[in-house]
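Student: I have a protein model open and would like to talk it through. Could we start with the overall picture and then move to the details?

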Amino acid sequence: MIDKGYVDRRPGLEPVRRIQDSGNLWGGAIWIGQVDLHELDERPGIDEQGGHDPERESNETDSPRIELIGGDDFRESRFLVWSEDRPLGLVRLPVQNGTIDGVALREQARGLPEPPVLPERRTRPGVSVVICTRDRPDHLARLLDSLVTLDYPDFEVLVVDNNPVSGLTPPVVAAACPSIPVRVVDAAGPGLSIARNVGLRSARFELVAFTDDDVVLDPNWLSRIVIGFERDESVACVCGMVPSVEVMTPAQAYFDRRVGWAERWEPALYGVARPVAADDLFPLRVSEFGTGANFAVRRDVVVGLGGFDEAVGAGSAAGGGEDIDIFVRLLLAGGSIAREPAAIVWHSHRASVAELEKQMHDYGVGLGAVIFKLLVDPCTTVLVTKRLVAGIRHLRATTQVDPGPAVVAEPELAGLRRRELVGVARGPWRLIRGRLAGRAGAPLRATSRGLAGLLDFRRGQMWGEPGNTILEGRLAAVSMWLGLVGLLGATMLPGVLQVVAVIAFVLLGPGSLVMSFGSMPTHARLSLVPAVGLAVSIVAVTGLLMAGFWSPAVVLAIIGIATTAGGLGRGAHLASRVARV
């Protein structure tokens with residue numbers, strides 16, 4: 001909603017963001033603003049039915065053309081149209097000499113469909129606003145400046161610093177919005193999912209609203225988020241709209257055409273019990289719901305699912321997809337997602353082709369990783385398999401972007417579709433890499449009971465945080481299971497299986513147990529596992545032979561039992577050292 005207290009009262013219209021220097025402006029740049037229908041009714045030269053008023057037009061000062069502040073160098077404009085507190089959609093008009101035709105603006109605005117009346121907010125629950133950032137002080141400063149406009153009475157702000165060693169984030173927070181207390185929380189492990197999990201774990205309130213550091217918040221953002229949760233008691237997630245705050249470069253224009261973050265202006269509820277009519281991809285077409293730059297969740301629901309998957313999302317090997325993953329998991333768990341168009345944040349897209357190329361590739365990798373994850377999960381294999389053909393058709397269609405003037409200005413943009421599709425193909429391996437590195441799919445899951453709980457060496461530790469024992473615990477677990485494999489190879493397995501089991505045990509079992517101790521770098525530990533395992537096996541066999549154990553099967557069984565017992569004891573010790581979350 002337009003904040004009336006900050007509207008410029010001059011005849012001109014203000015952009016959402018002022019352009020500091022529009023010199024050498026790209027010819028395809030778009031001036032972006034917003035307007036309320038009632039303000040248009042009050043403008044001189046435009047009558048109530050949307051036509052010209054000849055008497056007013058006769059007066060030069062009452063011209064129906066409207067000035068755009070800072071719009072002299074633009075050829076095109078875009079407006080988000082409001083009807084009081086409801087967004088109706090976007091309209092575009094040509095710009096001439098920094099002005100637009102006010103009558104044409106009103107006619108296009110009046111042609112937009114009228115959404116349902118926005119319900120009154122019934123409650124005022126506290127909301128934790130989580131902003132995940134990694135060394136982007138300029139973007140973060142603009143976002144923090146917009147916090148002071150929020151009209152919601154009860155919220156906290158957490159800035160999750162995903163690279164605390166750089167020291168770039170705390171000074172920005174300290175210098176911004178002194179009237180609003182902001183907490184900085186460190187998330188040392190690289191990855192947006194890890195930062196989101198740290199935000200969930202640190203939040204004081206049940207409702208947690210996530211946004212990126214490269215957005216500007218609408219004043220009524222949180223109020224509208226809360227209305228989304230009030231639409232139905234099953235709502236576990238609310239997604240808002242994410243229109244572009246600027247289209248100043250060819251790369252931004254390309255991305256603006258590629259994504260559909262501001263296309264659906266009707267409120268909607270999604271759930272397994274209320275699937276989208278005639279959508280053969282539901283619940284996998286998450287663009288219907290929203291995007292990771294603007295959504296809120298019920299904290300207990302997401303924590304109950306285990307939190308965000310650490311192997312996907314920006315900063316992981318998969319590069320993206322954590323929002324797709326959590327939306328699908330919430331739906332499959334029986335929750336509902338509300339699309340609340342009035343909950344708006346304005347997004348700054350990547351300005352250069354190089355930045356956008358990496359982003360589009362990472363988007364493809366993240367999508368491929370999430371689809372592969374669902375495909376290999378027995379609970380969702382059938383669901384994904386039935387939608388594969390439709391999904392491939394949808395992917396081919398959505399990645400085909402109308403070139404427009406952007407590709408003419410930057411021919412390299414024509415190759416982004418291929419980069420995105422290549423990323424999709426790389427997704428499965430990138431997910432596997434994340435798992436091998438120790439990134440868990442449900443890192444916040446509650447500690448299990450029984451033997452599983454005894455060996456739960458993770459217990460809420462975040463991947464990458466200082467002092468974590470995740471790698472040590474994984475190595476101990478590997479040694480325990482491979483000890484059992486060695487024992488089977490010594491006693492039960494026939495022929496080729498016996499040979500494979502013995503080789504796997506000798507190279508990986510004892511070495512994993514030994515390398516679960518100490519504090520060497522990860523790559524050094526993993527590379528030394530086979531050599532250490534072989535050396536330990538040679539020493540153990542030599543000692544047992546000297547002790548009179550001449551049977552190879554007996555020797556292997558003793559070493560296997562010792563390795564299993566050692567791995568079990570090491571895992572239990574590590575679990576006992578970690579505080580329960």
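Student: What share of the residues counts as buried, then?

Tutor: Of the 581 residues of the chain, 52% are buried. The chain has 19 helices and 14 strands, and its C-alpha trace spans about 115 × 45 × 45 Å along the principal axes.

Student: Which domains is the chain divided into?

Tutor: There is domain 1 (12–43 + 62–116), domain 2 (127–350) and domain 3 (452–579). The C-alpha centres of domain 1 and domain 2 are 27 Å apart, and 22 residues of domain 1 are in contact with 22 residues of domain 2.

Student: What about contacts in the chain between residues at least 6 apart in sequence: what percentage join residues at least 24 apart?

Tutor: The figure is 77% of those contacts.

Student: Now confidence. What is the mean pLDDT of the chain?

Tutor: The mean is 87, and 90% of the residues reach 70 or more. Among the elements, strand β13 (residues 294–298) has the highest mean pLDDT, 98, while helix α2 (residues 54–57) has the lowest, 44.

Student: Where is the pLDDT below 50?

Tutor: One such stretch is residues 1–10, which has 23 contacts in the model beyond near neighbours in sequence. Another is residues 48–62, for which the model also gives 23 contacts beyond near neighbours in sequence. Where pLDDT is low, the predicted coordinates should not be read in detail.

Student: Let us go inside. Which residues of the largest nonpolar core touch the most other members?

Tutor: They are L144, F155, W221 and L222, in a core of 62 residues. Domain 1 and domain 2 each supply at least three residues to this core. In soluble globular proteins, nonpolar side chains tend to be buried together.

Student: What is F155 in contact with?

Tutor: Leaving aside neighbours within four places in sequence, F155 contacts V127, V129, L147, L150, I180, F205 and L222. There is also a second, separate core of 49 residues, which includes V160, V185, V208 and F282.

Student: Changing topic: helix α14. How far apart are its end C-alpha atoms?

Tutor: They are 29 Å apart. Helix α14 has 21 residues (416–436), and at 1.5 Å a residue it should span 30 Å, so the two values agree.

Student: Where does α14 bend?

Tutor: The bend is at R426 and is about 45 degrees, with a proline, P428, following within four residues. Just after α14, G438 has a positive phi of about 100 degrees.

Student: Which residues of α14 are buried, and what covers them?

Tutor: L416, E420, G423, G427, R430, L431 and G434 are buried. The cover includes α8 (250–258) and α11 (353–376).

Student: Which residues have a positive phi although they are not glycines?

Tutor: N97 is one of them, with a phi of about 55 degrees, and it is placed in the loop between β4 (86–94) and β5 (99–101). D135 is another, with a phi of about 60 degrees, in the loop between β6 (127–133) and α4 (137–147).

Student: Are these two buried or exposed?

Tutor: N97 is exposed, with a relative accessible area of 73%. D135 counts as partly exposed, because its relative accessibility is 26%, which lies between the cut-offs of 20% and 50%.

Student: Last one: what is in the loop between β12 and β13?

Tutor: P283 is in that loop, and the peptide bond from F282 to P283 is cis, with omega near 5 degrees. A273 is also placed there, and it is exposed, with a relative accessible area of 81%. The C-alpha atoms of A273 and T380 are 17 Å apart, with 107 residues separating the two along the chain.

Technical notes:
Residues numbered from 1 in each chain as written. Predicted model: local features only at pLDDT ≥ 70, side-chain atom pairs only at ≥ 80, totals over all residues. Heavy atoms only, no water. Helix = DSSP H or I, 4+ residues; strand = E, 2+ residues; numbered from the N terminus. Expected span 1.5 Å × (residues − 1). Bend = angle between axes of the 7 residues up to and from the residue. Buried < 20%, exposed > 50% of the residue type's maximum accessible area, 1.4 Å probe, protein only. Contact = heavy atoms within 4.5 Å. pLDDT = per-residue confidence, 0-100. Core = buried A, V, L, I, M, F, W, Y, C linked by side-chain atoms within 4.5 Å. Domains from an automatic or database assignment.
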